[in-house]
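Here is a walk through one protein chain, from its overall fold to single residues. Keep the sequence and the coordinates open side by side.

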Amino acid sequence: MADTLKEILLDSSRRPAVVSDFETLVDAEVSDKGGVSGAVVKTGFAAVKKIKPGIIPSAVDTLLPDFASALEPFYGDYRAKGGNDFGAYLTSRSDEASDALLSVTDTRAEKSSRDSIKKVYSKLRPNGKKNVEEALPRLGQLIDKHAAAV
């Protein structure tokens, strides 16, 4: 098993599969959203994909090193404790883990030169923490899957 998330997620031989799996995770999370807030997420997601087709895999690939860095302390602690379900571990620290991930997307959105992206992000951001927290179990499972393949 690789020691760090960067070794697991960013290795050039595995990275395309990692990006594809993350794209599938994002699609599944959006698809699972319900109610009024879910409709807002789905509408915003569809708008972003319409503005720039292929933006999701491109964004995942671009953000992957920063996401790996943001999650590295959690992964290190999880491994040190001999964990066997990173999704459950992340869920147990959902407040901190979601803040770490959102700091990456917040920074990226602030630096964007595209007003349309900034506008959509600002509409989705108020529910961002809840949405990220809900995705943590799947995220951890995805990382476990790729860690087991190393």
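A helix here is a DSSP run of H or I covering at least four residues, and a strand is a run of E covering at least two. Both kinds are numbered from the N terminus. With that rule, the chain reads α-α-α-α-α-α-α-α along its sequence. The radius of gyration is 15 Å, close to the 15 Å that the globule rule gives for 150 residues, so the chain is as compact as a globular protein of that length. The tally is 8 helices and 0 strands. Bear in mind that this is a predicted model.

Start with the overall dimensions. The C-alpha trace spans about 40 × 30 × 25 Å along its principal axes. Of the 150 residues, 39% count as buried. The exposed surface comes to about 8,000 Å². Carbon and sulfur atoms supply 55% of that surface.

Now turn to charge. The chain carries 22 positive and 22 negative side chains. The centres of the two sets lie 7 Å apart. How many salt bridges does the chain hold? The count comes to 16.

One of the bridges joins Arg14 and Asp11, with N to O at 3.8 Å. A salt bridge requires a side-chain nitrogen of Lys or Arg within 4 Å of a carboxyl oxygen of Asp or Glu. The pair therefore qualifies at 3.8 Å. Are its two partners buried or exposed? Arg14 has a relative accessible area of 19%, so Arg14 counts as buried. Asp11 stands at 29%, so Asp11 is partly exposed. The cut-off for buried is under 20%.

Next, look at the bridge between Arg138 and Asp32. Their side chains meet at 2.6 Å, N to O. Arg138 lies in helix H8 (residues 128-148) and Asp32 in helix H2 (residues 15-32), so the pair ties together parts that are 106 residues apart in sequence. Arg138 is partly exposed, with a relative accessible area of 30%. Asp32 counts as exposed, at 51% relative accessibility.

Another bridge links Lys33 and Glu29. Their closest N and O atoms are 3.9 Å apart. Both of these residues are buried.

Val26 counts as partly exposed, at 24% relative accessibility. Leaving out residues up to four places away in sequence, Val26 touches Phe45 and Ile56. Pro57 is 31 residues from Val26 along the chain, and their C-alpha atoms are separated by 9.7 Å.

Move on to Ile55, in helix H4 (residues 55-80). Is Ile55 buried or exposed? Ile55 is buried, with a relative accessible area of 15%. Which residues does Ile55 touch, not counting residues up to four places away in sequence? They are Val48, Lys49 and Ile117.

Helix H6 (residues 94-111) holds Asp106. Beyond residues up to four places away in sequence, Asp106 touches Tyr121 and Arg125. Asp106 and Arg125 are 19 residues apart in sequence. In space they are 8.5 Å apart, C-alpha to C-alpha.

Finish in a loop. Ser113 is found between H6 and helix H7 (115-124). Ser113 counts as exposed, at 70% relative accessibility. Ser113 and Val40 are 73 residues apart along the chain. Their C-alpha atoms are separated by 23 Å.

To recap, the chain is built from 8 helices and 0 strands. Its count of salt bridges comes to 16, and one of them, Arg138 with Asp32, ties together parts that are 106 residues apart in sequence.

Notes: Residues numbered from 1 in each chain as written. Predicted model: local features only at pLDDT ≥ 70, side-chain atom pairs only at ≥ 80, totals over all residues. Heavy atoms only, no water. Rg over C-alpha atoms; globule rule 2.2 N^0.38 Å. Buried < 20%, exposed > 50% of the residue type's maximum accessible area, 1.4 Å probe, protein only. Areas by Shrake-Rupley, 256 points an atom, 1.4 Å probe, with all protein chains shown as cover. Lys, Arg positive; Asp, Glu negative; His and termini not counted. Charge placed at Lys NZ, Arg CZ, Asp CG, Glu CD. Contact = heavy atoms within 4.5 Å.
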